[in-house]
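I opened the model today to look up a handful of backbone details. My notes follow.

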Amino acid sequence: MVDPLIASRLQFALTTTVHIIFPVMSMGLAPFLIYFTWKDIRTGEPVYEQLRRFWTKIFAISFVVGTVTGIVLEFEFGTNFAAFSIAAGELFGGPLAVEGMMAFMLEATFLGIFVFGRERVGDTLYFISSVAVGLGTWLSAVWILIANSWMQTPRGYELVTEGGQTVVKLVDPLAAYFNPRFGYMFVHMQNAAVESVALFMAGIAAYYVFKHHVREVDVDNVNFWETTLKIALVALLITAPFQVYQGDMYARSVAETQPQKFAAMEAVWETDSYVPEYLIAVPTNLDSITDPRAKELFGIGIPGGASWLASGGDPTAEIRGLNTFESQAPPVAIVFWAFRAMVGMGFWFILLSFWGGYRWYKGQLLNDGLLHKALMGSSLLGILAVELGWIVTEVGRQPWVIQDVMKTSEAVSPGLTGTEATISLVGFAVVYLALLGLYTYVITRVIRNGPPGREQLRERPDRTPMSDTSAAGGADDD
Amino acid sequence: MISVESLSAGPLFGLPLPEMWFGLIFTLLATFLFLDGFDFGAGAIYGLLNTDREHEAVLAAVGPFWDGNEVWLVVFGGTLFAAFPAAYANLFSRHYLLMFGILGALILRGLAPEMYEQRHDERWQRAWSVAFVAGSVLAPFLLGVFAGNWLVGNEGSVSLIGVVVGFTLTLLTVVSGAAFLRLKAPLVLPERVSTYGQFAVVGYLVAVVGTLAILAVRLPGGLLTLLHPTIVVLVVISIGLTAGYIVAMRRGESLLALGAAAVLTYGLITVVGIIMYPAIDPATGATISETIVSTLPLNLMSIAAALLLPLVASYFVVLYSAFSGPISPEEAY
């Protein structure tokens with residue numbers, strides 16, 4: 001049997017790693033869906049109805065899988081981390097409850113109308129539903145990230161001992177909820193979600209555009225895929241550079257408020273100034289190659305880069321080393337590599353967006369096979385970067401569950417047995433991996449089936465055969 | 001502007017907030033059990049229907065609603081966590097495997113209709129039908145087991161009271177589900193759906209009597225606890241509503257029957273709340289006043305709930321008005 005602490009941590013890691021994919025899809029799709037709904041209602045162009053219906057289907061599937069995988073998380077705090085829940089309930093329970101009432105309810109009720117109700121409600125209520133669903137997904141993130149960011153940079157609380165137990169008391173709600181990390185985290189996460197979805201859309205669209213224009217194999221509704229590609233590229237041109245720009249400020253905030261995590265991100269053991277930003281690093285001792293906390297590294301780096309990042313422009317700035325902290329260092333290698341891979345991808349996405357934008361400007365967007373292949377290969381990298389970012393955030397905070405307040409090892413439910421924890425861990429490993437497989441299978445099918453054809457679109461008075469051909473210019477594609 | 005000092009000084013307007021939160025949490029639980037209850041019941045009845053068209057009619061009827069309905073469980077969990085953190089933590093960690101059983105059943109139930117729609121081959125749809133029925137029946141049953149254990153303070157997961165409450169709750173969801181389906185798909189679904197509801201409501205009454213008999217033996221206060229005037233009144237009302245439900249279903253007054261099912265559900269949970277009060281976790285003997293969060297977060301949560309819950313209610317009014325009247329099996333997206 002696995003130790004209850006290890007099993008609980010593995011289970012939480014597994015369930016969140018799988019779950020986060022679906023909120024990324026739904027939060028990222030939200031602004032696109034509001035736009036498609038608006039354009040569909042206002043212009044009546046068939047392509048916007050196709051866009052709305054196709055991406056709503058993907059949104060709905062993501063939302064359902066997100067709901068069923070997410071409810072588990074809310075109860076896991078109680079089942080597996082009862083000691084944490086008791087100690088931090090005052091600060092942590094409130095945001096979760098408000099998330100349910102303010103955000104999840106808004107999302108789940110209006111989703112019924114948005115997905116099933118097009119024929120039952122008027123344009124105004126339908127558009128309001130799309131906004132309500134989108135707003136709900138983003139408000140969810142506000143409250144969940146308030147709870148999470150408080151664990152990174154706890155503020156506005158005081159520690160009180162009650163009956164032998166140390167618990168956190170809320171004293172300043174504004175300081176606690178709008179803690180130093182919250183703003184950075186929220187902006188970074190939401191922009192990442194839109195960027196990830198833009199990459200996903202662009203990758204799929206590039207496949208069909210490539211097939212049609214480069215391979216010259218006839219594709220149904222090619223106009224739909226061309227429009228998808230262009231809209232996704234616009235979103236990528238906005239989000240990709242912004243993500244790296246904002247990420248730089250985020251890293252500085254980490255250096256200021258969680259120096260231990262920052263030192264792990266840069267693998268700095270001894271306090272030093274003029275610290276290089278290693279692009280790659282390998283342990284010099286072969287024995288430590290599998291050690292996540294390997295110390296002796298040989299690397300190739302940019303002189304002063306890490307100091308520059310930590311201070312916002314001063315390559316000689318001092319970075320506090322991991323050796324100076326009383327608690328054990330986080331698993332450095334995991335944090336170090338996850339951070340590098342995430343940042344590397346962030347720059348690649350910028351390059352990709354500029355490349356696509358340039359080819360579009362030159363009028364060659366639809367014919368550049370290499371660009372199409374690059375987009376196809378990058379379609380899931382946004383989601384991967386989000387996963388890596390969360391690994392930096394959560395693994396980098398170890399050994400603390402609440403930074404400098406409570407250790408992860410003290411958070412687990414006291415009565416939990418190894419047998420129970422192992423059973424649920426194995427059960428969840430099977431169920432969540434099956435869910436992920438099923439989701440992939442279903443989404444792939446939806447994509448293969450493509451958008452609804454012209455003959456399946458709604459009848460509307462302003463959509464005459466004339467406007468049908470002139471508006472979209474692709475009526476003869478299928 | 002209200003200051004942090006005044007919010008920390010004492011309960012808002014001197015209200016008995018801990019008791020109100022105790023009441024609110026059980027109201028949220030009852031709302032979940034009624035609203036998602038008719039989805040569960042519809043899922044159970046799905047298993048008793050034969051044709052594809054009937055099956056699709058059931059899926060179309062629950063389609064727009066179930067996700068919103070299920071969120072009441074999330075809000076129940078969240079508010080229990082926010083208002084009584086220790087009760088939340090102890091209760092859920094104590095019934096560890098049971099909790100994951102419930103969550104597993106909810107996963108099956110939620111996923112199945114979505115998957116069913118995706119492919120039109122027989123084996124695929126049959127497999128997801130089984131998952132849908134299993135999830136819909138197991139979720140209320142296991143929730144009942146959980147509620148039974150919670151009420152009498154059982155440490156383990158399996159107990160007689162748990163199983164009996166599990167059956168009680170499952171039958172109650174069928175009672176709601178039958179009325180809901182008669183309301184939403186009167187032309188597609190056969191007359192016998194109404195008969196299922198009538199059998200279920202009689203079974204429910206028997207199960208409630210069984211539950212009360214076990215409680216009379218198990219509870220420290222014995223029979224005396226159960227002779228609380230409100231409980232006696234609620235039991236009498238429930239007997240009357242059972243008869244009323246049967247009459248309404250026979251006359252085809254599905255909305256009235258659904259209303260009766262709602263009152264039965266809220267009545268049952270009220271009885272549970274009265275028996276438990278003032279404890280919130282009978283296993284440890286922890287009371288409301290011992291586990292309630294401190295004044296400041298309690299006041300903040302109370303303001304949030306007072307502002308947000310009426311809004312939430314309005315979302316449900318919009319949703320249920322948009323989908324008022326029968327929903328045809330063709331109304332899939």
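I started with Pro399(A), which I found in the loop between α13 (381-395) and β7 (400-402) of chain A. The model is a predicted one.

Next I went to chain B. Pro278(B) sits in the loop between α12 (254-276) and β1 (279-281). Its bond to Tyr277(B) is cis, and omega is about 0°. I noted the background: most peptide bonds are trans.

Then I looked up phi angles. Most residues other than glycine have a negative phi. Glu216(A) is not a glycine, yet its phi is positive, about 60°. I located Glu216(A) in the loop between α7 (182-214) and α8 (222-257) of chain A. Is Glu216(A) buried or exposed? Its relative accessible area is 66%, so I logged Glu216(A) as exposed, the cut-off being over 50%.

Tyr274(A) also has a positive phi, near 55°. I placed Tyr274(A) in the loop between β3 (272-273) and β4 (277-283) of chain A. Tyr274(A) has 46% relative accessibility, so I put it down as partly exposed.

Last, I checked Ala374(A), in helix α12 (residues 369-377) of chain A. Ala374(A) is buried because its relative accessibility is 14%, and the limit is under 20%. Which residues does Ala374(A) touch, leaving out those up to four places away in sequence? I listed Trp348(A), Leu352(A) and Trp355(A).

Technical notes. Residues numbered from 1 in each chain as written. Chains lettered and ligands numbered in written order. Predicted model: local features only at pLDDT ≥ 70, side-chain atom pairs only at ≥ 80, totals over all residues. Heavy atoms only, no water. Helix = DSSP H or I, 4+ residues; strand = E, 2+ residues; numbered from the N terminus. Buried < 20%, exposed > 50% of the residue type's maximum accessible area, 1.4 Å probe, protein only. Contact = heavy atoms within 4.5 Å.
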